[in-house]
Every structure is written in structure tokens, then in C-alpha cells.
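Please look over the sequence and the structure shown here. The report that follows takes up the contact between chains and then turns to the build of one chain.

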Amino acid sequence: MYYKVSGVTGKLTGATAASAYSPQGLKGTVPSQAPPIIFAVPTKVVSETGSVAHYMGINKVPELQMIFQKTDGAPVHLKRGVMDKMLYRTMMGLTIGGTLYCLMALYIVAQPRKPQ
Amino acid sequence: MAHQAHAYHMVDPSPWPLTGAIAALLMTSGLAIWFHFHSTMLMTLGLVLTLLTMYQWWRDIIREGTFQGHHTPPVQKGLRYGMILFITSEVFFFLGFFWAFYHSSLAPTPELGGCWPPTGIIPLDPFEVPLLNTAVLLASGVTVTWAHHSIMEGERKQTIQSLALTILLGFYFTALQAMEYYEAPFTIADGVYGSTFFVATGFHGLHVIIGSTFLAVCLLRQIQYHFTSEHHFGFEAAAWYWHFVDVVWLFLYVSIYWWGS
């Protein structure tokens, strides 16, 4: 017997194994198939064993989980390698450059204007 | 690899708080430079840095939660408290503008003609576009709840469809409001009526845009299989924010559009 919290009443109710825990993307393996109907020409049976119907793309989360859990000591903002590093360096460049530009601009505008 | 003996999340050192602070500095001083010296370079740079900081900060949170598994139940509880407190602070933000509206409208001064709406102001008909806007936001509240139940039941297709519908309704609201702003017979410069109307509804509109963006990010994450039927706090936070936006609109509609007309 499996249990789930009912979406309607908020109470614990009985459930089938499938609905008790079915994170989307990890649904069933072998869908039940009716035996092929024999006509004069046998119908072609498309095997769906092991494949899940993909709606809008496949699940890449397990793969990403492996990448991000590599014990390479990299902090999370650099974990993906080169792309992260480039973006970080660009950001830091803009930040430091921007700070200097800002301080300079403020210094200049803080100077009293020459009396006319 | 060192293992922690507790369920909490000690985050990796991150540069984004610093870049965020600098971005705020650049935006504010850039604003002053723009006002007085007509150059938008500093402000634009600040804006770009703010957007990049937000993108990377929240990307890292997704990495830490979804990919590294750091969002254990105690951590999630903390995130929930955080979101609730943030929304509460936003409630107080709007409270101020409602205070301003009621201060001016409950006791209209002689300069306004001693009446509300003030003399010369033609208010918008509350039973035209504003009522449609109310229906649109209420409907979006229904669709976002539908999306939540779909996530909890593991219904991928329904979640994507209902979430997309919610976002579309949000855009429809924004488009309708933009049209109303353009067609309105009064402007922000039309005394205290104009000020209270456009500042309150304007900030609300900004929050609708922010909420729609948050939901759009959730939609992308949903498509990429980030949410499970048990753990989808990012979506819940977006849904809470969206309901908050809806409630603020209801108060705006009743106070400013309806009572104030």
C-alpha cells in the first residue's frame, strides 16, 4: 500500500505505486502493449521498451548533477569550466573598470565650476 | 572529500555580492550623472552589471540546489522564510503608496476643489479595461494553482501548458495596462491624483513584469526537468509572488479605480 497527500483534501490517502512517487521525467519503463493484431499483412510493431515519451526535450539533469558534483575543488560559479571563467573575468573587468570610471566621474563633477 | 556533519549549506565564496553592490553604486551615481550631465554610460554599465549579477547569482543557486543537492529540508525551510519575509517587505512598500493615496483622497484640499476625483480629472471607467485586467489576473491565479497541482502530480505536459498560460495572461495584463497608460486622459503631472495613480499602478506593473519573468524562468526549468513532484520550491516562490501581485492589484482596483472614481 502506498500513500500520498491528496492534492484536494491535503490529507493522507491511498495511492498506487506510480502516483506515490513519480517525478516527471522518470516515469515508467515498459508501457504495456496489446499483442499485435494479425491482418493479412502483419502490422509493424514499434518497440518502446526502455524509452520514455519525450515532451519538449530529454532529461539532462542526471548528467549535469555528475558535472557539478565532481570533486575538483572549483567553487560553484566556476564549476562548468571555461565558459564560467570567461564570464567571471568579463564581469570582474567591468566591475573594476566601472568602479574606477565612477570614482573618476564623481571626482570630476565634484569640482566647483569656474566662476564666469 | 570532506563531508559535513550537518544538514545546512555552507556556500562557496562568491563574487556576486560584490559585483551586485558595485552595480548598485554605478546605477545610482549613473542616474545622477544622467540627470545633470546628460551621459547615460555609467547608468547603462550599472544596469548591465546588475542584470549579469542577477543571472549568475540565481544560476549558482540552481546549481547548488538542483545539481549539487544542497537544498535539504532545513535549507528549504530557510529559503521559505526568506521569500515570505521578502514578500512582506514588498507589502509594506505598497502600503506606503496606499497611505499616500488615502491621505490625499479622504480629505481633498481646496486646491483640488474639495472633492475626489479632483476638479478637472476624468478618471478611467473602472468597469472597462480595469475590470478586464482584474479578470485576467484572477484567471492567472487559477492557472498558476493548476500548474502547481500538475507539478505535484507529476504531469509534465499539463504543468508546461498551465505555466505557459499563466505567463501569457501576465503579458496580456501588461499589454492592456500599457494601452491604458497611453490612452489615459490624465498624466503623472496632473496633481496628486496623477501622482498617486501612476506611481502606485506603475510600481504594480513593474512587479507584474518581475513576476512574469520569475514564472518564465520556472517554465524553462520545468522544461529542463529541474522540478520533482516533491521538491519545486523555486516554482512555489514564484507562485507566492504572483499571488501577492494579484492581491495588490485587487486593492489597487478597489481603492484607486473604483472607490476613487
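## A salt bridge between the chains

In this predicted model, B:Arg63 forms a salt bridge with A:Asp84, and the closest N and O atoms of the pair lie 2.7 Å apart. The rule finds two salt bridges across the interface of chain A and chain B, and the count of residue pairs in polar contact between these chains, both residues being at pLDDT 80 or more, is nine.

## The extent of the interface

The size of an interface is often given as the accessible area that is lost when the parts come together. For chain A and chain B the buried area is about 3,600 Å², and carbon and sulfur atoms give 69% of that area.

## Two sides of a helix in chain A

Within H2(A), the residues A:Val61, A:Leu64 and A:Phe68 are buried. Seen down the axis of H2(A), the buried residues fall within an arc of 60°, so they line one face of the helix. An α-helix has 3.6 residues a turn, so residues three or four places apart point the same way.

What do the buried residues of H2(A) pack against? Their partner is helix H2 (41–67) of chain B. On the other side of H2(A), by contrast, A:Glu63 and A:Met66 are exposed.

## The build of chain B

Chain B has seven helices and zero strands, so that its elements, taken from the N terminus on, run α-α-α-α-α-α-α. The C-alpha trace of chain B spans about 75 × 50 × 30 Å along its principal axes.

Of the 261 residues in chain B, buried residues make up 45%. Among the contacts in chain B with a separation of 6 or more, 74% are accounted for by residues 24 or more positions apart.

## Backbone details in the loops of chain B

Most residues other than glycine have a negative phi, and most peptide bonds are trans. In chain B, however, the peptide bond from B:Trp116 to B:Pro117 is cis, with omega near 0°. B:Pro117 is found in the loop between helix H3 (73–106) and helix H4 (129–152) of chain B.

B:His38 lies in the loop between helix H1 (16–37) and H2 of chain B, while B:Tyr225 has its place in the loop between helix H6 (191–223) and helix H7 (233–259) of chain B.

Notes:
Residues are numbered from 1 along each chain as its sequence is written. Chains are lettered from A and ligands numbered from 1 in the order in which they are written. This is a predicted model: local features need pLDDT of at least 70, side-chain atom pairs count only at pLDDT 80 or more; totals for chains, interfaces and linings use all residues. Side-chain values use heavy atoms; hydrogens and water are left out. Buried area is the accessible area (1.4 Å probe) that two parts lose on being put together, summed over both. A salt bridge is a side-chain nitrogen of Lys or Arg within 4 Å of a carboxyl oxygen of Asp or Glu. A polar contact is a pair of N or O atoms within 3.5 Å; within protein, one must be able to donate a hydrogen and the other to accept it, and residues adjacent in sequence count only if both atoms are side-chain atoms. Buried means under 20% relative accessible area, exposed over 50%, partly exposed in between (1.4 Å probe, protein chains only). Helices (H or I, at least four residues) and strands (E, at least two) are DSSP runs, numbered from the N terminus. The arc is that of the directions from the helix axis to the C-beta atoms. Contact means heavy atoms within 4.5 Å.
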